[in-house]
Every structure is written in structure tokens, then in C-alpha cells.
Amino acid sequence: MAWTRDQMCERAALELEDGFYVNLGIGMPTLVANYIPDSMSVTFQSENGMLGMGEFPLDNEVDADLINAGKQTITELPESVYFDSATSFAMIRDGHIDLSILGALQVAENGDLANWMIPGKMVKGMGGAMDLVAGVRRVIVLMDHNAKDGSPKLLKKCNLPLTGAGVVDTVITDLGLFEIKNDQLYLSELAPDTSLEEVRERTEAEFVQ
Amino acid sequence: MSNYKKVFPDAKTALDGLLFNDMTILAGGFGLCGIPEHMIVAIRDSGVQNLTVASNNCGIDDFGLGLLLQTKQIKKMISSYVGENKLFEEQFLNGELELEFNPQGTLAERCRAGGAGIPAFFTKTGVGTVIAEGKETRDFDGETYLMEHSLKGDLAVVTAWKGDKLGNLMFRKTARNFNAPMATAGKTCVVEVENLVEVGDIEPDQIHLPGIYVDRIFEGQNFEKRIERRTIRDS
């Protein structure tokens, strides 16, 4: 049995360190926050202008002026700070954010990332994703190993438009954890009860173990 | 009050004489948070046409900038994300609406630079992607950067929580977003505030945006402040 989505998030949470400033993408990456041990202090950035994101509000705490980058209502913490969008992306662009965890449509073995558009379908926009992957010190992709139709998502070369070139450091899928160093993909961990043969079968990219 | 030439009674009068066809408007806000909701209605009611609007998003079908899509007053949007809006999709696919995608941080910095006398800047964001097509690149310390031009508007329409009669502003929580950089980058800047206060009521150290950037200000009545994704936890 490979990793479940919860186990993938749990594994991703192990990459966080005490004192880190972290930006989590919309969707599955958001769930990583649930697996941070109480002993660890991590500050979450929301690129619409906040450091120190709190949990979702109680019904009577909802505030229209307080939302996350996914436009959901959130709360503040004693350590929260607000700032404008230019300041927010200045700290992202210059690498003051330690880690970003985000989803992907495709990742290439050299770290190219595609996660913002599928030609022919309605284009919604890249939001802050291009800025985050270009600027944040370390980028972890959290994604299913294969697309819904079974096609591989870890490729020799992305065929969808890129979000960033050579930007991904680590990929966590249901089958394992991969690292990318010097344009080379390494399989660092296999998920439980997953064979190397299965990973090879379901991966287009070349990787070394 | 007569001493305070920047103060206007409402959105319609505050925008009087500033709107013209084919103009570029910078509109503050992120999603529906911190949008100039009264001025968007006043712009709609003015009937001004062929607008280029720079805004991170384009509202929803029946609120915010979506209102200007309903009336087809927008010719072109400059945005980072427009996924919330069916009307947008329809007009874009029909070819009725032009769209220029900017990465969110690039859009914010284009406005900041526009309001700071910086005509262009270099950024790593978008290098090696479609965003880089046709743009000059240059290497600094072995890394490739992309040149982006600053963005200025004929008009900036922004929202703040508190403003005094000289236009000194204070924002609230994540409603600050694009409002601050966009306010600096309009040839004219009009601000709607939830609370118009006397000069001196905001501590000088607590002013987020100096009134030098603000040309006109009014207090909006009955802000609707709609929430796009009301998300709550169980008690």
C-alpha cells in the first residue's frame, strides 16, 4: 500500500523546521499544516499580505477583511503581521520565505514545473505561483504520482506551459520522495509496499536511486 | 471642510471629471477583499467605455469588477487570476475581452515601481515561461532575470479602512493588498474609506500610506464587503 494523501502530507510536514517561514499552496498542500508537531514553531505566509496565518474562524469570528490566498476566511494570531502585496512578493522574490509546498500537473527531471495552465482549457491564471517558485528558497511539490488517466506526471520534459524552469527541489508522490539536484532526479524514499519496478513503470522521467 | 479640497461626499462626485473612454484604471483589492465597491458601481453608472483595468482578479459575476463585465465596459484586463468568474470566461472565449496575465508579484511590483519613478525592473519571476516571451533578459551574478515595465494608471481606485481629510490612510488586515501600491501608481488616485476621520486622529506613526498620493477621498456608506469563500471551523 503506497502513501495515502494524509500520509503524503504527513511526510511533507517532516521537511519543515522550527522557525521556518512557509507558504502552502491551495488544495492538498494546505493540509500539511495539520501535521506539524506542537513542539515546532512555523509561521505561515499568505501571499495576499499576511505572516502568521491562524485557523479558520468560528462562525461569529468571520471577518471580510481577513482572508487567505485561496480567498477563504481565516483568523489572526498574536504574532500575525499584515502588509501590502508589493511587500509580500518582495519577501517571496528575495528568498526570505524558507519553503513553499505546492501541487503540480507535471514535473520534469530537471526541476521544471507546470501547474498553471492546460492549453485549450479556460486559463485561470498563475496567481502568485510563478513568483513563489522563482523566489522561495526551497520548493516541494506534493502530487499524485500519475494523472487520473494513469499517465505519468514525472516526465523527461514538461509538455504543458511552465510555471518555472528548474525550480523544484523535492517531489512527494504517493509512491515516494524524489529529490532534484543538478538537473538529476533521485528517488530518496520508497513508500511502504511499493517496489522500484512499480515506480519505474509509472514514471517517464529517468531517476537514480 | 472647505479647507479640505480632497474630501468629496460620495463616489459619483469623487469621480466627476476623471473618467473617459479608453482609459486605464488600477483597481485595488484581492478577490473581493478590499475592493473599491462604491466606485466600481459609480464607474458602471457613468457608462465610460473601453476600459483597461489592472486588478489582481476580476470580481465575481454580480459583484466587484464583474459588474463592469456585465455592461461590457472593460476592453482589457491585466490580472494574475480570473478563475472566479463565468462571465469573464464567456467574454474572453468570445474574443470580446483581452487579457494580459501578470504573475501576482510582478503585477504588484509593476505598480510599486510605477509609483516610485522606476520605469522598469528585473525579476526572476517568469524566466523560462511564456511570460518571458518578447521580453529582454539579462544575467546578474550568473542568474537570468526578466525585464518588466512599470505600470501606471490614468486613475487608481482604492479602498482603505480609515482615512483623514488630507488622505492619510490606514488599511485593515488583508484588505491592504494591492490598495497601497496601486494608490501610488495612478495619475490621479481616489480613495473610498470606511471611516473618514479628522486630521490628527490617526497617529502619524500608524499611517500606512501618506496622503501625498491621494487626490480625492470620500466615506463609503453601507459597505457590503461580500465574502467569496466563507470558511469556518466547528466550535
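**Strand pairing and the A–B interface**

Student: Which residue stands opposite Leu26(B) in β2(B)?

Tutor: Ala54(B) stands opposite Leu26(B). The model is predicted, so local features need pLDDT of at least 70 and side-chain atom pairs pLDDT 80 or more, whereas totals for chains, interfaces and linings use all residues. Residues are numbered from 1 along each chain as its sequence is written, chains are lettered from A and ligands numbered from 1 in the order written, and side-chain values use heavy atoms, without hydrogens and water.

Student: How do you know that β1(B) and β2(B) pair?

Tutor: Pairing requires at least two bridges found by DSSP. Strand β1 (residues 24-27) of chain B and β2(B) have three, in the parallel sense. Strands here are DSSP runs of E with at least two residues, and helices are runs of H or I with at least four, numbered from the N terminus.

Student: What makes the crossover from β1(B) to β2(B) right-handed?

Tutor: A crossover has that hand if, with the strands pointing away from the viewer, the path from the first strand over the helix to the second runs clockwise. The chain passes from β1(B) through helix α2 (residues 37-46) to β2(B), and this β-α-β crossover is right-handed.

Student: How many bridges join β2(B) to β3(B)?

Tutor: Four bridges join β2(B) to strand β3 (residues 74-79) of chain B, and the two run parallel. Val53(B) stands opposite Met77(B) in β3(B).

Student: Why is Asp65(A) called buried?

Tutor: Buried means under 20% relative accessible area, exposed over 50%, and partly exposed in between (1.4 Å probe, protein chains only). Asp65(A) has 3%, and is therefore buried. Its place is the loop between β3 (50-53) and β4 (76-82) of chain A. Apart from neighbours within four places in sequence, Asp65(A) is in contact (heavy atoms within 4.5 Å) with residues including Cys33(B), Arg172(B) and Lys225(B).

Student: How is the size of the interface between chain B and chain A expressed?

Tutor: Interface size is often given as the accessible area lost when the parts come together. Buried area is that loss (1.4 Å probe), summed over both parts. Chain B and chain A bury about 4100 Å², 60% of it on carbon and sulfur atoms. Within chain B, Lys173(B), Thr174(B) and Arg233(B) lose the most area to chain A, together 18% of what that side buries.

Student: What makes Arg230(B) and Asp59(A) a salt bridge?

Tutor: The rule asks for a side-chain nitrogen of Lys or Arg within 4 Å of a carboxyl oxygen of Asp or Glu. For Arg230(B) and Asp59(A) the N to O distance is 2.9 Å, so the pair qualifies. Seven salt bridges are found across this interface.

Student: Why does the salt bridge of Glu55(A) and Arg233(B) join two chains?

Tutor: The side chains meet at 3.4 Å, N to O. Glu55(A) lies in the loop between β3 and β4 of chain A, and Arg233(B) in the segment after β11 (216-219) of chain B, so two chains are joined. Arg233(B) also forms a salt bridge with Glu61(A), at 3.4 Å, N to O.

Student: What makes Arg233(B) and Glu61(A) partly exposed rather than buried?

Tutor: Arg233(B) has 25% relative accessibility and Glu61(A) has 36%. Both values lie between the two cut-offs, so both residues count as partly exposed.

Student: Which residues are linked with Asp65(A) in a network of salt bridges?

Tutor: Asp63(A), Arg172(B), Glu194(B) and Lys225(B) are linked with Asp65(A).

Notes. Buried area is the accessible area (1.4 Å probe) that two parts lose on being put together, summed over both.
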